[in-house]
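Here is a short briefing on one protein model. Look at the sequence and structure first, then read the points below.

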Amino acid sequence: VNRRLCYCLPALLALLLPTGCTRRLPPDVSANTENVDKLRSLARSPAGSGAAAPITANPTGFATFTGLVKVTGQPPVMPPVSVSGNDATYCAPNGRAPISDEVVVGPDGGLANVLVYVDMDLPEEWEHPDDAALRTATLSGPQGFDQRGCMFVSHVFAMRSTQTVELINSDGVAHNTNINANGKAGSSNSLIPANLSDKYTPGGQSRGVFPVSCNIHTWMKAYMITRDNPYFAVTDKNGKFEIRNVPAGVNLDFRIWQERVGTGWRNVTVNGAPAEWSRGKFTLNLQPNATENWEVVVDASILNK
Amino acid sequence: MRRYSTNNSERPARPTALSSLTLLGAAPRGLLPLAVLAVGSLWLAGCGGAPAAQFRTNEAWMLAKEREFAPLEPAERDDVKRNVKEVLVALFGTPDEPRFPAVDGEEPPVDAIKLEMAAGAVNSDIFGKPRGLYREHCAHCHGISGDGQGPTAAFLNPYPRDYRSGLFKFKSTPIDLPPTHEDLHRILVNGIPGTAMPSFRLLADDEIEALIHYVRYLSIRGQVEQVLLVDAVDRRDMLIDAASTSDIQDRWAAVEGLVSDTISKWTAAEAMATPVSPPPANFESSDSIARGRELFFSETAKCAGCHGRTALGDGETNDFDDWTKAVVPNDEAVRAELIALGAVLPPRNIRPRNLRSNVFRGGRRPIDLYWRIHNGIKGTPMPAAAMRPADAGPEDPRMTSDDLWHLIAYVRNLPFEDLSSPVKVQTFQRERQ
């Protein structure tokens with residue numbers, strides 16, 4: 001028996017040793033040489049017409065797109081944020097910390113902070129004069145990006161990439177508004193002393209939403225998106241949104257996003273009919289001088305982590 | 001004497017996992033363990049041998065984006081990864097055969113000859129000039145892909161830089177821009193005090209140059225990869241299956257647009273070093289230091305909020321840097337799973353610098369501190385200082401450039417304060433605990 005063990009032992013060792021090199025992630029994929037060559041031949045061919053697909057139709061007027069995003073069932077209850085650090089007495093007066101605004105549901109089930117936007121690059125000429133006039137406006141005061149009670153007032157904030165926004169600090173303590181942009185939007189991280197403001201000009205369109213935080217108060221969290229066109233909206237505390245002066249008579253690709261849902265919407269109904277939003281995308285062709293009104297209903301379970 | 005034998009009548013042969021080993025039973029007895037070992041070591045060689053070096057997919061980033069948007073089906077996932085990899089190989093080649101995409105009207109920030117010098121296996125050319133410099137000097141910490149996960153990475157604190165976000169901390173440019181050539185050169189030549197990053201001062205000038213170009217190459221490649229992976233799980237405008245995509249030309253144009261946007265930021269950064277106004281005449285005088293101290297504890301500069309009332313770096317110690325935040329969520333279960341998968345190293349909190357230790361990672365020259373305080377430190381919680389706008393009056397509480405210099409004077413003096421002697425610091429830390 002001992003002798004058998006003496007044969008087996010090296011065998012077992014030989015079996016055990018290689019397990020040390022196994023990868024826990026699956027092995028990486030490898031590129032197919034033929035495909036790579038094909039792509040390289042594209043690189044050498046004269047440049048194509050450009051990234052955007054050619055636009056064939058012109059809008060026939062303007063429309064309004066309004067809606068209500070509503071959840072049914074019991075939405076997750078948001079806990080207070082965990083406040084720590086030197087400003088704890090200011091940010092959580094009498095030990096009462098602000099409530100997390102990751103999920104905000106109104107009394108009638110309206111879901112706040114849902115972002116709806118046209119996810120296409122469109123010609124500037126399509127813009128309504130009202131929008132064109134505001135192309136390089138500065139968003140300040142109530143339209144600005146405010147920090148109050150050690151929370152961002154706008155949890156989801158959408159703006160035009162060509163505009164400038166005032167970063168307002170309404171608090172008696174300093175905040176650093178850490179804008180961690182993506183795509184062509186610029187990043188910024190500036191300290192804003194108590195009761196002062198700073199300005200942020202994105203300078204380009206972001207790829208999607210990106211996070212904004214304050215590192216002095218690490219619980220503070222918000223999202224921004226910057227768009228070249230003006231066709232976007234964020235649902236208010238009652239779950240309502242409105243996008244005015246949307247080009248009508250053309251197919252527009254929309255996207256819809258919420259922090260917890262991302263773009264993974266499931267079991268959605270729009271005005272009672274089931275809707276399939278793969279990757280949060282839907283397409284609309286609006287009637288000129290009309291209002292398209294949607295009631296979007298989702299089950300509250302979609303908001304669970 | 002019994003031995004293993006396939007024709008042993010008492011023990012019929014069974015097809016087991018060990019059956020290949022039992023075949024060796026016919027060999028002379030003494031050789032059997034040796035043969036077994038030989039087979040075992042051959043097997044080992046399959047792991048430790050050197051297949052062609054590959055850039056590894058940024059798996060942690062992809063998983064993060066799937067959590068952010070919507071998870072991919074497992075079958076779809078490998079296809080998407082392969083599609084992205086093929087685009088990356090077409091653009092940037094492989095570690096052994098790197099290439100850099102040409103962009104119309106732009107001086108490429110990566111030179112082909114220097115790239116060749118830094119890339120590939122460690123070697124030398126016919127003139128005895130070194131080749132494979134990156135693998136010789138950098139890859140063991142920063143990894144073949146520049147992911148900061150080389151074999152030694154797990155043993156280092158701080159972890160080596162992951163270049164693939166294109167973010168660098170110690171630089172002269174505004175927060176939104178990549179570092180200049182000079183910035184990377186300074187890091188390579190001086191090293192980073194207080195970290196494992198050594199000085200490469202002893203390398204020849206052209207070797208340091210080659211490495212700067214290679215770091216830029218890995219950064220730009222990594223940035224493009226990140227966007228392609230986001231796109232692959234999100235919008236899919238740039239997802240190309242070379243074998244089947246019909247609008248391949250348009251999609252390729254979008255990819256080229258992305259590459260050109262990424263490169264032009266690096267090119268633009270060269271001329272964007274933040275100008276430094278000259279220090280006031282009383283810089284580093286006792287008045288200057290006193291004014292700096294006042295600012296340090298003020299709500300205007302807010303330094304003490306993170307660096308602590310003691311300046312020992314103990315103010316805010318629960319935050320993470322942007323490299324970590326981008327891939328590791330603030331969720332214990334997911335974090336543990338990512339670590340177990342080997343997708344990330346166990347994340348560590350970012351610590352505000354202990355300003356009493358006289359170790360300044362990004363350099364201790366006044367100008368280095370000026371850039372860091374004025375611009376903030378990219379990828380970290382450190383914000384740009386609140387500077388008084390040109391049109392604001394003297395009642396505006398924000399800092400002037402003279403104020404900034406006084407703050408620098410205070411920070412540079414902190415290590416020499418009586419309190420900063422190691423004995424006193426230890427006592428102080430004990431008291432606070």
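Pro158(B) sits in the loop between α7 (139-142) and α8 (181-190) of chain B. Helices (H or I, at least four residues) and strands (E, at least two) are DSSP runs, numbered from the N terminus.

This is a predicted model, in which local features need pLDDT of at least 70, side-chain atom pairs count only at pLDDT 80 or more, and totals for chains, interfaces and linings use all residues. Residues are numbered from 1 along each chain as its sequence is written, chains are lettered from A and ligands numbered from 1 in the order in which they are written, and side-chain values use heavy atoms, with hydrogens and water left out.

**Backbone**
- Cys150(A) has a phi near 60°, a positive value in a residue other than glycine.
- Cys150(A) lies in the loop between β4 (145-148) and β5 (151-152) of chain A.
- Most residues other than glycine have a negative phi, and most peptide bonds are trans.

**Salt bridges**
- There are 42 salt bridges over all chains (a side-chain nitrogen of Lys or Arg within 4 Å of a carboxyl oxygen of Asp or Glu).
- One of them joins the side chains of Arg260(A) and Glu102(A), at 2.6 Å from N to O.
- Arg260(A) is in the loop between β15 (251-257) and β16 (268-270) of chain A, and Glu102(A) in the loop between α3 (88-91) and β2 (115-118) of chain A, so the pair ties together parts 158 residues apart in sequence.

**Helix pair**
- In chain B, the axes of α3 (residues 59-68) and α9 (residues 205-233) come within 9 Å and cross at roughly 35° (axes are lines fitted to C-alpha atoms, for helices over the stretch in contact, and angles run from 0 to 180 degrees between N-to-C directions).
- On the α3(B) side, the contact is made by Trp61(B), Met62(B), Lys65(B) and Glu66(B) (contact means heavy atoms within 4.5 Å).
- On the α9(B) side, Gln226(B), Leu229(B), Val230(B) and Val233(B) take part.
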